[in-house]
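Hi,

Here is the structure I promised to hand over. Have a look at it first, and then read my notes below.

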Amino acid sequence: MNTIELLQHTKNRLGITSDYALAKALKISQTGVSNYRVGRSIMEDDVALKIADILELDPLAVIAMANAERSKSPEMKARWLGIVAGFRTLLPHAKMGFAQ
């Protein structure tokens with residue numbers, strides 16, 4: 001799962017349709033949400049924690065996913081994705097929803 005998918009799942013869970021309402025729910029600017037959508041920025045850890053809470057996901061898995069997206073090298077991206085995969089292995093009952 002990537003940032004855009006997490007944003008959409010968060011909107012669905014909250015029953016909202018606009019990025020403006022999502023920004024208010026996450027306590028960030030609407031520009032911040034827009035920047036996530038177009039790939040200008042990747043969610044910060046505090047936003048990842050809020051999304052994890054709303055979606056009832058392991059917060060460290062969401063942070064690891066964001067770090068995978070933020071990675072500058074294929075090696076670091078693979079390491080972070082390995083951590084995300086580890087959460088799926090360790091917590092098979094959890095609603096992880098993460099795909100590589």
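Predicted model: local features only at pLDDT ≥ 70, side-chain atom pairs only at ≥ 80, totals over all residues.

The axes of H4 and H5 come within 8 Å and cross at roughly 135°. Angles over 145° would count as roughly antiparallel and 65 to 115 as roughly perpendicular, so H4 is oblique to H5. The crossing of H4 past H5 is right-handed. If you want to find the place where they meet, look for Asp45, Ala48, Leu49 and Ala52 on the H4 side. Their partners in H5 are Pro59, Val62, Ile63 and Asn67.

Now stay with H4 (residues 45–55). Which of its residues are buried? They are Val47, Ala48, Ile51, Ala52, Ile54 and Leu55. Looking down the axis of H4, you will see these buried residues within an arc of 165°, so they line one face of the helix.

H2 (residues 19–26) can be read in a similar way. Its buried residues are Asp19, Leu22, Ala23 and Leu26. They span an arc of only 100° around the axis, which puts them on the same side of H2. Among the elements that cover them are H1 (3–14), H3 (30–38) and H4. H2 is followed by Lys27, where phi is again positive, near 60°.

Finally, the nonpolar core. The largest one has 23 residues. Those with the most contacts inside this core are Leu6, Leu7, Leu26, Met43, Val47, Ile51 and Val62. Each of H1, H2, H3, H4 and H5 (59–70) supplies at least two residues of the core, and the largest share, six residues, comes from H4.

What does Ile51 touch, leaving aside residues up to four places away in sequence? The answer is Leu6, Leu7, Thr10, Leu26 and Met43.

Enjoy exploring, and write back with any questions!

Best wishes

Technical notes:
Residues numbered from 1 in each chain as written. Heavy atoms only, no water. Buried < 20%, exposed > 50% of the residue type's maximum accessible area, 1.4 Å probe, protein only. Helix = DSSP H or I, 4+ residues; strand = E, 2+ residues; numbered from the N terminus. Arc of directions from axis to C-beta. Contact = heavy atoms within 4.5 Å. Core = buried A, V, L, I, M, F, W, Y, C linked by side-chain atoms within 4.5 Å. Axes fitted to C-alpha atoms, helices over the stretch in contact; angles between N-to-C directions. Parallel < 35°, antiparallel > 145°, perpendicular 65-115°, else oblique. Left-handed = near helix turned anticlockwise from the far one by under 90°.
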